[in-house]
Amino acid sequence: METRAYAVMAEKAELQPWSFDLRSVGSHDVQIAIEFSGVCHSDIHTGRSEWGDVHFPCVPGHEIVGRVSEVGAGVTTFTVGQRVGVGVYVDSCRTCANCLSGMSNYCLEGMTGTYNTPERDGKGVTQGGYATSIVVNQGYVVSIPDGLDPAGTAPLLCAGITLYSPLKEWGAGPGVKVGIIGLGGLGHMGVKFAKALGAHVTVLSHSASKKDDALAMGADEFLLTSDESVFVDHAKKFDLLINTVSAPLDLNLYLELLGLDGTLVMVGLSPEPYPIKAFSMLAQRRRIAGSMIGPVSQLQEMLNFAGEHNILSDVEVIDASYVNTSWDRVVASDVRYRFVIDASTF
Ligand SMILES: [Zn+2]
Ligand SMILES: [Zn+2]
(Lines give C-alpha, C1' and ligand atoms only; values in the text may rest on other atoms or scores of the structure.)
(Ligands and ions follow the chains in the order given, each with its own letter.)
Protein backbone atom coordinates (compact mmCIF):
# COMPACT_ATOMS: atom_id res chain seq x y z
CA MET A 1 0.00 0.00 0.00
CA GLU A 2 1.28 3.44 -0.86
CA THR A 3 1.67 5.85 2.06
CA ARG A 4 2.36 9.57 2.04
CA ALA A 5 5.18 10.77 4.25
CA TYR A 6 7.75 13.45 4.92
CA ALA A 7 11.31 12.23 4.48
CA VAL A 8 14.88 13.44 4.56
CA MET A 9 16.06 12.38 1.12
CA ALA A 10 19.80 13.09 1.41
CA GLU A 11 22.42 14.43 3.78
CA LYS A 12 21.77 18.05 4.85
CA ALA A 13 18.44 18.06 3.00
CA GLU A 14 15.27 19.34 4.63
CA LEU A 15 12.23 17.13 5.09
CA GLN A 16 10.06 16.96 1.99
CA PRO A 17 6.94 15.12 0.85
CA TRP A 18 7.61 11.55 -0.30
CA SER A 19 5.51 8.49 -1.03
CA PHE A 20 6.56 4.89 -0.61
CA ASP A 21 5.06 1.40 -0.45
CA LEU A 22 4.48 -0.05 3.01
CA ARG A 23 5.32 -3.70 3.50
CA SER A 24 2.29 -5.95 3.17
CA VAL A 25 0.51 -6.92 6.39
CA GLY A 26 1.98 -10.20 7.68
CA SER A 27 0.01 -12.62 9.81
CA HIS A 28 1.18 -10.99 13.07
CA ASP A 29 1.21 -7.41 11.79
CA VAL A 30 -1.04 -4.46 12.51
CA GLN A 31 -1.49 -1.71 9.93
CA ILE A 32 -2.18 1.66 11.50
CA ALA A 33 -3.75 4.76 9.93
CA ILE A 34 -1.70 7.41 11.74
CA GLU A 35 -3.57 10.33 13.31
CA PHE A 36 -0.77 12.17 15.11
CA SER A 37 3.00 11.94 15.20
CA GLY A 38 5.15 13.71 17.80
CA VAL A 39 8.38 15.53 16.99
CA CYS A 40 11.20 14.19 19.18
CA HIS A 41 14.69 15.72 19.34
CA SER A 42 16.02 12.29 18.29
CA ASP A 43 14.27 12.74 14.94
CA ILE A 44 16.36 15.84 14.37
CA HIS A 45 19.64 14.29 15.53
CA THR A 46 19.01 11.40 13.14
CA GLY A 47 17.64 13.36 10.19
CA ARG A 48 20.52 15.82 10.33
CA SER A 49 23.13 13.02 10.46
CA GLU A 50 24.28 14.08 13.95
CA TRP A 51 24.20 10.47 15.18
CA GLY A 52 26.05 8.85 12.29
CA ASP A 53 24.95 7.18 9.11
CA VAL A 54 21.42 7.66 7.84
CA HIS A 55 19.59 5.32 5.48
CA PHE A 56 18.09 7.77 3.00
CA PRO A 57 15.28 8.38 2.33
CA CYS A 58 14.52 8.54 6.07
CA VAL A 59 11.00 9.03 7.45
CA PRO A 60 11.44 9.96 11.15
CA GLY A 61 8.86 9.77 13.92
CA HIS A 62 8.51 7.43 16.92
CA GLU A 63 5.63 8.97 18.86
CA ILE A 64 2.77 7.52 16.86
CA VAL A 65 -0.96 7.41 17.59
CA GLY A 66 -3.55 6.18 15.13
CA ARG A 67 -6.28 3.66 14.45
CA VAL A 68 -5.89 0.06 13.35
CA SER A 69 -6.79 -0.14 9.65
CA GLU A 70 -5.96 -3.82 8.97
CA VAL A 71 -4.76 -6.82 10.96
CA GLY A 72 -3.03 -10.06 9.95
CA ALA A 73 -4.72 -13.43 10.43
CA GLY A 74 -2.67 -14.19 13.54
CA VAL A 75 -3.43 -10.93 15.34
CA THR A 76 -5.46 -11.57 18.48
CA THR A 77 -5.04 -8.47 20.60
CA PHE A 78 -6.05 -5.68 18.21
CA THR A 79 -9.11 -5.04 16.07
CA VAL A 80 -9.77 -2.70 13.16
CA GLY A 81 -10.79 0.75 14.35
CA GLN A 82 -9.08 0.48 17.74
CA ARG A 83 -6.86 3.41 18.75
CA VAL A 84 -3.26 2.30 19.21
CA GLY A 85 0.27 3.65 19.57
CA VAL A 86 3.81 2.83 18.51
CA GLY A 87 6.90 4.10 20.28
CA VAL A 88 10.65 4.07 19.78
CA TYR A 89 11.12 0.47 18.61
CA VAL A 90 9.22 -1.98 16.45
CA ASP A 91 11.16 -5.21 16.88
CA SER A 92 13.90 -6.98 18.85
CA CYS A 93 15.60 -10.39 18.68
CA ARG A 94 12.98 -11.97 21.00
CA THR A 95 15.47 -14.67 22.09
CA CYS A 96 18.14 -12.97 24.24
CA ALA A 97 18.02 -12.93 28.03
CA ASN A 98 16.70 -9.37 28.13
CA CYS A 99 13.98 -9.98 25.52
CA LEU A 100 12.91 -13.17 27.32
CA SER A 101 12.71 -11.32 30.64
CA GLY A 102 10.45 -8.69 29.10
CA MET A 103 13.09 -5.98 28.77
CA SER A 104 13.26 -5.89 24.99
CA ASN A 105 14.17 -2.20 24.95
CA TYR A 106 17.55 -3.43 26.21
CA CYS A 107 17.74 -6.29 23.64
CA LEU A 108 21.32 -7.57 23.60
CA GLU A 109 21.32 -7.49 19.79
CA GLY A 110 19.91 -3.95 19.86
CA MET A 111 16.27 -3.03 19.45
CA THR A 112 14.99 -2.31 15.96
CA GLY A 113 14.29 1.41 15.93
CA THR A 114 10.99 2.60 14.52
CA TYR A 115 12.91 4.38 11.76
CA ASN A 116 16.35 4.37 10.15
CA THR A 117 17.06 0.78 11.22
CA PRO A 118 17.50 -2.32 9.02
CA GLU A 119 14.56 -4.72 9.40
CA ARG A 120 15.55 -7.99 11.09
CA ASP A 121 14.54 -9.98 7.99
CA GLY A 122 17.01 -7.95 5.93
CA LYS A 123 14.23 -6.58 3.74
CA GLY A 124 14.58 -2.85 3.82
CA VAL A 125 14.87 -0.21 6.51
CA THR A 126 12.21 0.87 9.00
CA GLN A 127 10.30 4.07 8.21
CA GLY A 128 8.66 6.03 11.00
CA GLY A 129 5.63 8.04 11.91
CA TYR A 130 5.88 11.16 9.75
CA ALA A 131 3.50 9.30 7.43
CA THR A 132 -0.12 8.41 6.91
CA SER A 133 0.32 4.71 7.73
CA ILE A 134 2.71 2.20 9.28
CA VAL A 135 2.83 -1.61 9.61
CA VAL A 136 4.14 -3.01 12.91
CA ASN A 137 4.29 -6.45 14.52
CA GLN A 138 1.52 -6.72 17.13
CA GLY A 139 4.04 -7.37 19.92
CA TYR A 140 5.31 -3.80 19.59
CA VAL A 141 1.93 -2.03 19.43
CA VAL A 142 0.09 -0.67 22.49
CA SER A 143 -3.53 0.30 22.96
CA ILE A 144 -4.52 3.86 23.84
CA PRO A 145 -7.12 4.16 26.60
CA ASP A 146 -10.46 5.69 25.63
CA GLY A 147 -10.79 9.31 26.61
CA LEU A 148 -7.15 10.31 26.17
CA ASP A 149 -6.77 13.09 23.61
CA PRO A 150 -4.82 11.48 20.74
CA ALA A 151 -2.64 14.51 19.94
CA GLY A 152 -1.62 15.03 23.56
CA THR A 153 -1.01 11.29 23.91
CA ALA A 154 1.47 10.94 21.03
CA PRO A 155 4.48 12.30 22.97
CA LEU A 156 3.85 9.78 25.76
CA LEU A 157 5.17 7.10 23.39
CA CYS A 158 8.74 8.42 23.74
CA ALA A 159 8.98 11.41 26.09
CA GLY A 160 6.42 9.94 28.48
CA ILE A 161 7.98 6.50 28.87
CA THR A 162 11.47 8.02 29.07
CA LEU A 163 10.44 9.63 32.38
CA TYR A 164 7.86 7.12 33.62
CA SER A 165 10.29 4.19 33.52
CA PRO A 166 12.99 5.67 35.81
CA LEU A 167 10.36 7.16 38.14
CA LYS A 168 8.97 3.64 38.64
CA GLU A 169 12.38 1.96 38.77
CA TRP A 170 13.66 4.26 41.54
CA GLY A 171 10.46 4.29 43.56
CA ALA A 172 8.84 7.68 42.99
CA GLY A 173 5.83 7.77 45.27
CA PRO A 174 4.49 9.24 48.51
CA GLY A 175 7.25 10.52 50.78
CA VAL A 176 9.86 10.48 48.01
CA LYS A 177 11.48 13.76 47.03
CA VAL A 178 11.94 13.89 43.25
CA GLY A 179 13.75 16.60 41.33
CA ILE A 180 13.26 17.03 37.60
CA ILE A 181 16.21 18.86 36.03
CA GLY A 182 15.05 20.84 32.99
CA LEU A 183 11.47 21.61 31.97
CA GLY A 184 11.21 20.75 28.27
CA GLY A 185 9.54 17.98 26.29
CA LEU A 186 10.98 15.33 28.62
CA GLY A 187 10.89 17.27 31.88
CA HIS A 188 7.26 18.31 31.69
CA MET A 189 6.26 14.65 31.40
CA GLY A 190 8.39 13.88 34.45
CA VAL A 191 6.59 16.50 36.52
CA LYS A 192 3.17 15.16 35.60
CA PHE A 193 3.98 11.48 36.16
CA ALA A 194 5.95 12.06 39.38
CA LYS A 195 3.09 14.13 40.80
CA ALA A 196 0.47 11.55 39.83
CA LEU A 197 2.62 8.84 41.47
CA GLY A 198 2.38 10.83 44.71
CA ALA A 199 5.96 12.09 44.98
CA HIS A 200 7.02 15.53 46.21
CA VAL A 201 8.13 17.17 42.95
CA THR A 202 10.63 19.95 42.43
CA VAL A 203 11.60 21.42 39.08
CA LEU A 204 15.20 22.63 38.76
CA SER A 205 15.63 24.99 35.83
CA HIS A 206 17.95 27.79 34.77
CA SER A 207 14.99 29.58 33.20
CA ALA A 208 12.83 31.68 35.55
CA SER A 209 10.18 31.89 32.82
CA LYS A 210 9.37 28.19 33.38
CA LYS A 211 8.29 28.66 37.01
CA ASP A 212 4.61 29.34 36.37
CA ASP A 213 4.30 26.37 34.01
CA ALA A 214 6.10 24.07 36.45
CA LEU A 215 3.72 24.93 39.26
CA ALA A 216 0.68 24.73 36.98
CA MET A 217 1.75 21.22 35.93
CA GLY A 218 1.77 20.16 39.56
CA ALA A 219 5.31 20.80 40.80
CA ASP A 220 5.45 21.49 44.54
CA GLU A 221 8.56 23.65 44.24
CA PHE A 222 10.65 25.43 41.62
CA LEU A 223 14.38 26.06 42.08
CA LEU A 224 16.20 28.50 39.84
CA THR A 225 19.60 26.88 39.25
CA SER A 226 21.32 30.07 38.11
CA ASP A 227 21.17 30.99 41.82
CA GLU A 228 24.07 29.01 43.31
CA SER A 229 22.72 29.26 46.85
CA VAL A 230 20.08 26.73 45.74
CA PHE A 231 22.73 23.99 45.81
CA VAL A 232 23.69 24.88 49.38
CA ASP A 233 20.22 25.46 50.77
CA HIS A 234 18.86 22.20 49.36
CA ALA A 235 21.90 19.97 49.86
CA LYS A 236 21.13 16.29 50.69
CA LYS A 237 17.37 16.86 50.40
CA PHE A 238 16.49 14.75 47.33
CA ASP A 239 15.99 11.01 46.90
CA LEU A 240 15.87 10.99 43.10
CA LEU A 241 16.98 13.45 40.46
CA ILE A 242 16.26 12.96 36.76
CA ASN A 243 18.44 14.96 34.40
CA THR A 244 16.53 15.71 31.18
CA VAL A 245 18.92 18.42 29.98
CA SER A 246 20.82 17.72 26.77
CA ALA A 247 23.41 20.47 27.36
CA PRO A 248 26.46 19.90 29.59
CA LEU A 249 25.84 20.51 33.33
CA ASP A 250 28.16 20.40 36.36
CA LEU A 251 26.78 17.16 37.76
CA ASN A 252 28.88 17.54 40.93
CA LEU A 253 26.64 20.43 41.93
CA TYR A 254 23.50 18.37 41.40
CA LEU A 255 24.91 15.31 43.20
CA GLU A 256 25.25 17.48 46.32
CA LEU A 257 21.45 17.71 46.36
CA LEU A 258 21.06 13.94 46.90
CA GLY A 259 20.72 12.42 50.36
CA LEU A 260 21.75 8.91 51.47
CA ASP A 261 21.53 6.38 48.63
CA GLY A 262 20.08 9.04 46.35
CA THR A 263 20.18 8.44 42.61
CA LEU A 264 20.80 10.79 39.70
CA VAL A 265 19.30 9.32 36.52
CA MET A 266 20.51 10.49 33.14
CA VAL A 267 17.94 10.63 30.32
CA GLY A 268 19.06 13.78 28.48
CA LEU A 269 21.75 13.24 25.87
CA SER A 270 24.62 15.64 26.34
CA PRO A 271 27.15 15.47 23.50
CA GLU A 272 29.99 16.05 26.00
CA PRO A 273 31.26 13.68 28.72
CA TYR A 274 30.67 14.78 32.32
CA PRO A 275 33.57 15.25 34.77
CA ILE A 276 32.57 13.59 38.06
CA LYS A 277 34.43 14.05 41.34
CA ALA A 278 34.67 10.76 43.22
CA PHE A 279 33.80 12.47 46.49
CA SER A 280 30.52 13.73 45.03
CA MET A 281 29.46 10.08 44.85
CA LEU A 282 31.17 8.66 47.96
CA ALA A 283 29.41 11.15 50.18
CA GLN A 284 25.90 9.87 50.97
CA ARG A 285 26.65 6.68 48.92
CA ARG A 286 25.16 8.33 45.85
CA ARG A 287 24.54 6.68 42.49
CA ILE A 288 24.43 7.81 38.90
CA ALA A 289 22.27 5.71 36.60
CA GLY A 290 20.92 5.77 33.07
CA SER A 291 17.58 4.77 31.62
CA MET A 292 16.42 4.33 28.02
CA ILE A 293 12.68 4.41 27.26
CA GLY A 294 10.94 1.28 28.62
CA PRO A 295 9.71 -2.14 27.47
CA VAL A 296 6.42 -2.51 25.58
CA SER A 297 4.69 -3.87 28.69
CA GLN A 298 5.65 -0.76 30.65
CA LEU A 299 4.58 1.44 27.74
CA GLN A 300 1.12 -0.09 28.09
CA GLU A 301 1.20 0.29 31.90
CA MET A 302 2.16 3.97 31.49
CA LEU A 303 -0.66 4.62 29.01
CA ASN A 304 -3.18 2.95 31.32
CA PHE A 305 -1.88 5.10 34.20
CA ALA A 306 -2.11 8.20 31.98
CA GLY A 307 -5.69 7.23 31.14
CA GLU A 308 -6.61 6.97 34.83
CA HIS A 309 -5.01 10.33 35.68
CA ASN A 310 -5.66 12.08 32.33
CA ILE A 311 -1.96 12.79 31.85
CA LEU A 312 -1.20 14.37 28.48
CA SER A 313 1.71 16.21 26.94
CA ASP A 314 1.25 19.94 26.38
CA VAL A 315 1.36 20.08 22.61
CA GLU A 316 1.33 22.45 19.67
CA VAL A 317 -0.39 20.65 16.79
CA ILE A 318 1.12 21.51 13.40
CA ASP A 319 0.62 20.72 9.72
CA ALA A 320 3.26 18.70 7.90
CA SER A 321 4.31 21.77 5.92
CA TYR A 322 5.53 23.33 9.19
CA VAL A 323 7.75 20.43 10.19
CA ASN A 324 11.10 21.89 9.09
CA THR A 325 10.34 25.05 11.05
CA SER A 326 9.31 22.94 14.03
CA TRP A 327 12.71 21.22 13.98
CA ASP A 328 14.48 24.61 14.10
CA ARG A 329 12.26 25.66 16.98
CA VAL A 330 12.96 22.44 18.93
CA VAL A 331 16.70 23.05 18.54
CA ALA A 332 16.16 26.60 19.83
CA SER A 333 14.09 25.24 22.79
CA ASP A 334 11.20 27.30 21.44
CA VAL A 335 8.31 24.90 22.08
CA ARG A 336 5.98 24.41 25.02
CA TYR A 337 6.31 21.50 25.18
CA ARG A 338 6.05 19.22 22.18
CA PHE A 339 5.16 19.58 18.50
CA VAL A 340 2.72 17.02 17.17
CA ILE A 341 2.04 16.68 13.45
CA ASP A 342 -1.53 16.18 12.24
CA ALA A 343 -0.96 13.14 10.01
CA SER A 344 -3.89 14.03 7.73
CA THR A 345 -1.68 16.82 6.34
CA PHE A 346 1.10 14.55 5.04
ZN1 LIG B 1 12.11 10.13 21.03
ZN1 LIG C 1 16.90 -9.48 22.34
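Predicted model: local features only at pLDDT ≥ 70, side-chain atom pairs only at ≥ 80, totals over all residues.

Q: Let's start with S291: buried or exposed?
A: S291 counts as buried, because it has 20 C-beta neighbours inside 10 Å. Buried stands for 20 or more other C-beta atoms within 10 Å of the residue's own, exposed for 12 or fewer, and partly exposed for anything in between, with C-beta atoms placed from the backbone.

Q: Where is S291 found?
A: S291 is in the loop between β15 and α10 (296-309). Helices (H or I, at least four residues) and strands (E, at least two) are DSSP runs, numbered from the N terminus.

Q: What is S291 in contact with, leaving aside its neighbours within four places in sequence?
A: The contacts of S291 are then S165, P166, E169, V265 and V267. Contact means that the C-beta atoms of two residues, placed from the backbone, lie within 7 Å.

Q: How far apart are S291 and G129?
A: S291 and G129 are 23 Å apart in space, C-alpha to C-alpha, and 162 residues apart in sequence.

Q: OK, on to α4. How many of its residues are buried?
A: In α4, 9 of the 11 residues are buried, so the helix is largely enclosed by the rest of the structure. The buried residues include S165 and P166.

Q: What do the buried residues of α4 pack against?
A: They pack against α5, β13, β14 (258-266), α10 and β17.

Q: At what angle do α4 and α10 pack?
A: Helix α4 (residues 159-169) and α10 pack at an angle of about 95 degrees, and their axes are 10 Å apart. That makes α4 roughly perpendicular to α10. Angles of 65 to 115 degrees count as roughly perpendicular, under 35 as roughly parallel, over 145 as roughly antiparallel, and the rest as oblique. Axes are lines fitted to C-alpha atoms, for helices over the stretch in contact, and angles run from 0 to 180 degrees between N-to-C directions.

Q: Which residues meet there?
A: G160, I161, Y164 and S165 in α4 meet Q298, L299, M302 and A306 in α10. The residues of this contact divide into 5 nonpolar, 3 polar and no charged. Here Ala, Val, Leu, Ile, Met, Phe, Trp, Tyr, Cys and Pro count as nonpolar, Asp, Glu, Lys and Arg as charged, and the others, Gly among them, as polar.

Q: What comes just after α4?
A: G171 does, and it takes a positive phi of about 75 degrees.

Q: Now the sheet with β10. What is the strand order?
A: The order is β12-β11-β10-β13-β14-β15, an open sheet of 6 strands with parallel pairing. The edge strands are β12 (221-224) and β15 (287-290), each pairing on one side only. The twist averages 20 degrees from one strand to the next. Two strands pair if DSSP finds at least two bridges between them.

Q: How many bridges join β10 to β13?
A: 4 bridges join β10 (residues 177-181) to β13 (residues 238-243), and V178 stands opposite L240 in β13.

Q: Which strands does α5 lie across?
A: Helix α5 (residues 185-196) lies across β10, β11 (200-205) and β13, running at about 165 degrees to β10.

Q: And β17, what does that pair with?
A: Strand β3 (residues 29-38) is joined to β17 by 3 bridges and runs antiparallel, while β16 (residues 315-318) pairs with β17 in the parallel sense over 4 bridges. V340 in β17 is the bridge partner of G38 and of V317. Of the 5 residues of β17 (residues 338-342), 4 are buried.

Q: Last topic, domains. What are the bounds?
A: Domain 1 is 2-157 + 314-345 and domain 2 is 159-290; the bounds come from an automatic or database domain assignment. Their C-alpha centres lie 28 Å apart.

Q: How many residues are in contact between them?
A: 11 residues of domain 1 are in contact with 8 residues of domain 2. On the domain 1 side, the residues divide into 5 nonpolar, 3 polar and 3 charged.

Technical notes. Residues numbered from 1 in each chain as written. Chains lettered and ligands numbered in written order.
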